[in-house]
Amino acid sequence: MKVLVVDDEPQIRRALRTSLEAHGYEVATVGTGDEGVVGAAGGAPDLVLLDLGLPDMDGTEVIRRVRAFSEVPIIVLSVRESQDDKVAALDAGADDYVTKPFAMEELLARTRAALRRASPEEPAPPAMRFGELEIDVAKRLVSIGDEPIHLTPTEYSLLEALVTNPGKLLTHQWLLRKVWGQGYGTETTYLRTYIRTLRKKLGDDASRPALIITEPGVGYRWVAEPGP
Amino acid sequence: MARTDRQTERRRAGPTFRAAAVGLLAIVVAGALAYATEPLGEGSAVAVLMLGVTIAAVTGGLWGGVVASLVSSVVLSLLSDPEQGLLGSEPRDLIAAVVFLAVAVVVGLVVGNAADERDRAARREREARLLGYLSTKTLSGELPDRVLDEFVQVLLEPFGLSSCRVDVTLDGTDVHAKAEREGERPGGPTEIVPIVVGSVPLGSLIAERPAGRRPMTRDERALLEAATRQAAVALDRARLDARARLAQLDAETSQLRAAMFSSVTHDLRTPLASIKAGVTSLLDRGAHHDAEQQRDLLLTVLEETDRLNRLVGNILDLAKIRAGALIPRRSRAAIDEIAEAVVARVRQHGRDVAIELAFAPTLPEAAVDPVQIDQVLSNLLENAVRHSPPGGTVRVHLTQAGRAVRARVADVGPGIPAEEREKVFDAFYRGKEAPESAGSGLGLAIARAIVVAHGGRIWIEETTGGGTAVAFEVPLEESVL
């Protein structure tokens, strides 16, 4: 697995290289946005770790250019202060973000999740289990234990959008367009209402979330790991 | 003042007519009496007429007395010898006439002087009252523009002005004040009085009477100048006060900066020291750490890094606040949803503190910056958890309060003494009993800045049974409050 690190700080590049290599990744590092775009095109990485604060180019611009020719997963590294940049990066096509300073285990977990989404080892199973919760994607059926859960078509579409992007932070805009259609994007109240109903029906407590995590002002993330 | 003027004029014109009337009345009565007492001899008639002249002079002044004395002379000559007519007076009657006139003049002058004296005293009293009023008003330590506004307003009435304005330059700043009386036609006689402090001209006062009024008398002009001097003194004083206040503010700010600087330096250095100590210990080839010791050291480094990160984040926020860059990016957001996310995040920290979150399902959405409100709730909740004893409970309660959403975060920790409740919102303030490990003293300051930027308020509430409750309110709509 090849990871391209785009960051202008040599210390960060060094720390990332050391840690990623220790986990068996092949690492290439560059320090500018231009080199990043070139590296993403020529190096055929499996994943890009992109710092938003680059000296030569806005990180969001790098994402746009890479997205023109590649669907490679991009994880954005950004400082807490640039919340708007984060949302812009996600809307531009980034897969996830990690806030600097980050814990290595968190970055590795996000990396694994992004790689898994990008190249599923097997085609999406017709049914997924998350503990008691079972979602049969083929039949569009949801049950907890053996108790069937009735979802409206919209609720089901929303759930499907979430579970088919496990671990990914899905922005309000992305979810609205995915579930309601291209004409939507700012109707966060709809989205919130449906998320709330969905949580209730699935028995997920937002203040002790096991399935869906809220990122205030940004979006939602499906966090449950598949398994019995 | 036009009214006052007219009154004064009436008072001056009035006595002359009244004097003549009273004088004549006195003489008619005196003449009647003299006629009635004629049998008693001419001496008594002269005495009665003299009384009439005196009364006329006292009540009617000089002219009243003169008229009365002339009439009395005629009456006397008619009484003494009616056949001779007016011109054929005997020398005796002529002497009486001269005496009458002399008495009338002397008494009239004395009485007139007294009246003038009384008028002057009354005017001086009015002037003193005006100047006294001005000096108390203008020396009250108010700002120069307030002083001037008051000043021009006060002058309108006593000087009978249609408008009064002041234009001055104070420390390079132009200050203007103007007052007008409604319903008065402008364009009357105008007085311009320079405003001078020491020998420095500050500007001028322009006083205008309504069209058609007479110009000011010399006395009035002098009074206006005195009042203007009073205002100049007040202005100078206000200007010096403002300078002193600025200097004081400057001193306080630099004091605060010094405190901030030492606090920040200390707070930044402490975690750095721990990190450096931990890492150099691990790198030390001569030291033999077992696996558990290594992990301990590394955990210390991790904790201190997090602390440093929080502190730097807070300092950056504070800098943003100070730079006025903390502008909420409002969108419709559900504060209950934000609270749920914050509670979920803080629960992950795994402290032995229970967190209860309660809100009504009908809680409305509010136009807030979700990221900033997240930060406020995070700061309050992290504070509450940090100050809770192990096994304690933190209660987060959300309610609608009129056109606002109210959040209350209550812990069962040691609480905040009443006298510290305002101060806890100041940057770098830590409770007197706060342990070294407490927060940076910035969390509440940042929370307050965000809440205030949303048009809301934040405060410490009384709690029954100890502990601290911090509550804040943000309006549902941007325009509310």
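I started with burial in chain A: 37% of its 228 residues count as buried (20 or more other C-beta atoms within 10 Å of the residue's own, with C-beta atoms placed from the backbone). This is a predicted model, where local features need pLDDT of at least 70 and side-chain atom pairs count only at pLDDT 80 or more, while totals for chains, interfaces and linings use all residues. Residues are numbered from 1 along each chain as its sequence is written, with chains lettered from A and ligands numbered from 1 in the order in which they are written.

Next, I looked up the secondary structure of chain A and found eight helices and 12 strands (DSSP runs numbered from the N terminus: H or I of at least four residues for helices, E of at least two for strands). For chain A contacts with a separation of 6 or more, I noted that 56% join residues 24 or more positions apart (contact: C-beta atoms, placed from the backbone, within 7 Å).

Strands β1(A), residues 2–6, and β2(A), residues 26–30, pair in the parallel sense over five bridges (pairing takes at least two DSSP bridges). I found A:A28 of β2(A) opposite A:L4. With helix α1(A), residues 10–22, the two strands β1(A) and β2(A) make a right-handed β-α-β unit (clockwise from the first strand over the helix to the second, strands pointing away from the viewer).

On to the cores (buried Ala, Val, Leu, Ile, Met, Phe, Trp, Tyr and Cys joined through C-beta atoms within 7 Å). The largest has 54 residues, and A:V48, A:L49, A:I74 and A:V76 touch the most other members. It lies between domain 1 (2–118) and domain 2 (127–222) of chain A, because both give residues to it; the bounds come from an automatic or database domain assignment. I listed contacts of A:L49 beyond four places in sequence, among them A:V3, A:L16 and A:I75. A second, separate core has 45 residues, including B:I338 and B:A447.

I have nine helices and 11 strands for chain B, and 33% of its 481 residues count as buried. Of its contacts with a separation of 6 or more, 68% join residues 24 or more positions apart.

Last, I checked where the chains meet: 19 residues from chain B and 15 from chain A take part. On the chain B side, α6 (291–322), β5 (331–333), α7 (335–348) and α8 (370–386) each give two or more residues. I put α7(B) down as giving the most, with seven residues.

Note on methods
Two residues are in contact if their C-beta atoms, placed from the backbone, lie within 7 Å. A residue is buried if 20 or more other C-beta atoms lie within 10 Å of its own, exposed if 12 or fewer, and partly exposed in between; C-beta atoms are placed from the backbone.
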